[in-house]
Amino acid sequence: RHVCVCYSGSNTLQIYSISHQDRTLSAVGPPHSLPDAPAKIVLDPLGNHVFISYPMGNMLESYSVNSNTGELRFTATIGTLAQPDSIAIDPTGQFLYLSANGASRLLGYRINNGQFTAPLGNLTTPEGTTGALLSFSRRADTLYAVLHGSGLVLTCTIDATTGLLTPVGLPDSTGGADRKSTRLNSSHSEI
């Protein structure tokens, strides 16, 4: 298992391995230089690829991770995104979803070995919402999006074959607060 760390204001990324015995962190390889300040960094479920969003550069990149050396190797990029922010990869590692601060929509991509093999289309979010924090249910069949600026949580089912999102009812209110983070327990309720 690995964890990626990028310090605020830094354009470098450090990979750490997690000890199975005592859960301590050890740097794996030297820090990796990034092209811009990242917003979010996510490892795929197997720890083989890292995905990084760059809102200022309007792009999303992927890198393969050498599990022995921590070396990152550029894999792919998608440009011209409207300030990509939050990233979520479903627990099966087949689909990547991201929110865009510059648009009222969620974007989805099929991924394979760090490559963006097919766009899944867009899901428009309620007017006035730009960007979202994304979280999956443990069963990988539901994506929750806490929509910035609205205090709403959008719940979507995920088609296991196509990755397409289908909204479930209307967005639920979180009490009007603009949430900064969300975690779900195994019964899919917020903790």
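First, some housekeeping. Residues are numbered from 1 along each chain as its sequence is written, and side-chain values use heavy atoms, with hydrogens and water left out. Because the model is predicted, local features need pLDDT of at least 70 and side-chain atom pairs count only at pLDDT 80 or more, while totals for chains, interfaces and linings use all residues.

Let's start with confidence, or pLDDT, the predictor's score for each residue from 0 to 100. The protein has a mean of 79, with 83% of its residues at 70 or more. Strand β3 (residues 25-27) has the highest confidence, at 90, and strand β17 (residues 172-173) the lowest, at a mean of 62. Over residues 175-191 pLDDT stays under 50, and the model has 33 contacts there beyond four places in sequence; a contact means heavy atoms within 4.5 Å.

Now the fold. You'll find 17 strands and zero helices; these are DSSP runs numbered from the N terminus, with at least two residues (E) for a strand and at least four (H or I) for a helix. Of the 191 residues, 46% are buried, where buried means under 20% relative accessible area, exposed over 50%, and partly exposed in between, using a 1.4 Å probe and protein chains only.

On to the largest pocket: what is its volume? About 490 Å³, taken as the space filled by probe spheres set on grid points joined across faces, edges and corners. A pocket here is an open set of points on a 1 Å grid over the protein atoms alone, where a 1.4 Å probe fits, with protein on both sides within 12 Å along at least five of seven lines; lining residues have an atom within 4 Å of a point. There are 18 lining residues, and Val 42, Leu 43, Asp 44, Pro 45 and Ile 89 are the closest to the centre. Strands β5 (40-43), β9 (84-89) and β13 (132-136) each supply at least two residues of the lining.

Finally, the loops. Asn 58, between β6 (49-54) and β7, has a positive phi near 50 degrees and is partly exposed at 28%. Asn 113, between β11 (105-112) and β12 (115-124), also has a positive phi, of about 50 degrees, but is exposed at 59%. Glu 71 sits between β7 (59-65) and β8 (72-78) and touches Ser 64, Val 65 and Asn 66, not counting residues up to four places away in sequence.
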